[in-house]
Amino acid sequence: MAKAFDILKYYLYYKYRLRERSREALEKRQERRLKRHLAYVAGHSPVYRGLKRLEDYPKIDKSFMTKHFSELNTAGISRKEAEQFAVQAERNREFSPKLRGVTVGLSSGTSGQRGIFLVSEKETARWAGYVLAKFLPGSILGRHSIAFFMRADSNLYQAVNTGRIRLCFFDISKDMGVHMEKLQALCPKILVGQPSVLLMLAGEKKAGRLTLLPNMVISIAEVLEKEDESRLKEAFGLPVIHQVYQCTEGFLASTCRFGTLHINEDIVQIEREYLDEKRFVPVVTDFERRLQPIIRYRLNDILVEKTGGCACKSPHLALEKIEGREDDVFCFPGPTGEERTVFPDFIRRCLLFAEGEVPIWKAEPGDYRIVQREDRTLTVYADLTKAGEKRVEEELLRLSAELGFVLPPVDFMPYSREPGRKLKRVERIRRKGI
């Protein structure tokens with residue numbers, strides 16, 4: 001377990017000392033930290049031996065990380081060894097043991113490949129200090145109770161347990177009913193979970209079966225849709241639902257007090273591969289990951305820049321939203337056979353626009369998924385009335401006319417969701433190898 005003194009040291013550093021007031025100051029600090037970091041990595045990671053300039057490093061992705069895992073990390077841990085250790089922890093549901101003093105974690109593999117992350121004791125303390133500096137309401141010396149809903153626990157997450165701060169892990173692989181009594185007894189001031197879980201808890205609160213009054217709700221692991229954000233604000237009586245954008249590759253973004261998502265540019269540098277004027281795919285370099293270097297790592301997420309900046313005046317890049325994965329951009333034939341791509345947000349918008357004066361849902365507004373199959377047909381999973389199905393199809397037809405593509409057949413099915421699986425509202429199913 002990371003030492004409380006080290007966590008406090010990093011908390012104070014990130015909370016009060018590392019606060020750039022201008023974009024120029026931020027970029028100068030990034031340049032200095034990057035130079036020191038690359039010098040270390042070049043001397044300790046076999047894959048990057050001797051590389052000193054960022055432009056000398058190749059852009060990598062999950063496939064590269066998987067293939068070169070053993071010689072990329074600086075601890076000499078093989079992928080086979082790490083994966084066996086992590087899988088055993090998953091099977092036993094016991095996440096506290098370490099591998100040679102290193103925390104090993106396993107991602108859920110929603111992109112088709114499971115990711116493994118390694119974190120040292122020092123990196124764990126840094127992470128805990130940074131997270132607490134970003135999100136902890138009030139003083140670190142006060143009492144704080146945190147309910148943390150996640151697929152798997154980790155030494156990384158438990159590091160925030162520091163005396164007066166109590167983090168309780170709730171395993172979402174178990175039936176949610178078993179958690180209700182424990183959650184009610186905890187009465188957490190901070191509630192953390194993926195949107196699908198938070199919405200479930202919001203429903204329990206609305207029905208009077210939970211009486212939680214958290215001071216803060218933090219969304220993790222899944223894309224938080226605007227309509228879901230509004231439902232959570234109403235259910236918990238909060239002006240802001242906070243978000244964490246974190247993955248195997250690092251803690252990449254977090255919300256400010258105004259609810260705007262900002263890239264954590266004090267600990268990562270982002271190169272932007274633009275898809276249009278505002279949408280881009282991030283290429284990440286993390287200044288603080290020495291055990292498992294993350295340098296020029298290309299994610300397949302689509303981020304949308306916020307126009308006009310943020311009222312908090314932070315020099316860190318502000319985001320309008322995380323739109324989804326690049327893999328989930330829909331593809332349709334154009335009028336003359338050419339391929340037309342449609343971003344997930346346009347597809348989601350069809351459900352939003354379909355909701356007018358005439359109710360479209362069989363009950364109150366519910367969950368949905370829109371899936372494009374391998375043959376490019378669409379299936380809408382939602383509990384809609386017949387009139388609702390017609391309205392959604394009309395909006396899809398309107399979108400096809402607006403963007404110039406041929407709408408394939410659309411099927412409607414009742415909504416269903418696999419327990420424990422990340423919710424993806426818009427998903428494209430591809431053939432293996434594509």
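User: In which helix is R348 found?

Analyst: This is a predicted model. In it, R348 sits in helix α11, which covers residues 344–354.

User: Which backbone oxygen does the side chain of R348 reach?

Analyst: That of E323, at 2.4 Å.

User: What else is R348 in contact with, leaving aside its neighbours within four places in sequence?

Analyst: Seen that way, R348 touches V223, E225, E323, G324, Y368, R425 and V426.

User: Now to helix pairs. How are two packed helices described?

Analyst: Two values do the work: the angle between the axes and the distance between them. Take α11 and helix α12, residues 386–403. They pack at an angle of about 135°, and their axes are 8 Å apart. That angle makes α11 oblique to α12. The crossing of α11 past α12 is right-handed.

User: Which residues make the contact between α11 and α12?

Analyst: From α11 come F346, I347, R349, C350, L351, F353 and A354. From α12 come R391, V392, E395, L396, L399, E402 and L403. By type, the residues of this contact divide into 10 nonpolar, no polar and 4 charged.

User: C350 is one of those. Is C350 buried or exposed?

Analyst: Buried. C350 has 4% relative accessibility, so it falls in that class. C350 lies in α11. Leaving aside neighbours within four places in sequence, C350 is in contact with E395, L396 and L399.

User: How far apart are C350 and K15?

Analyst: In sequence, 335 residues separate them. In space, C350 and K15 are 41 Å apart, C-alpha to C-alpha.

User: Which residues meet where α1 packs on α6?

Analyst: In α1, they are D6, I7, Y10, Y11, Y14 and K15. In α6, they are K122, A125, R126, A128, G129, Y130, L132 and A133. This contact divides into 9 nonpolar, 1 polar and 4 charged residues.

Note on methods. Residues numbered from 1 in each chain as written. Predicted model: local features only at pLDDT ≥ 70, side-chain atom pairs only at ≥ 80, totals over all residues. Heavy atoms only, no water. Helix = DSSP H or I, 4+ residues; strand = E, 2+ residues; numbered from the N terminus. Polar contact = N/O pair within 3.5 Å; in protein donor to acceptor, adjacent residues only side chain to side chain. Contact = heavy atoms within 4.5 Å. Axes fitted to C-alpha atoms, helices over the stretch in contact; angles between N-to-C directions. Parallel < 35°, antiparallel > 145°, perpendicular 65-115°, else oblique. Left-handed = near helix turned anticlockwise from the far one by under 90°. Nonpolar A, V, L, I, M, F, W, Y, C, P; charged D, E, K, R; others polar. Buried < 20%, exposed > 50% of the residue type's maximum accessible area, 1.4 Å probe, protein only.
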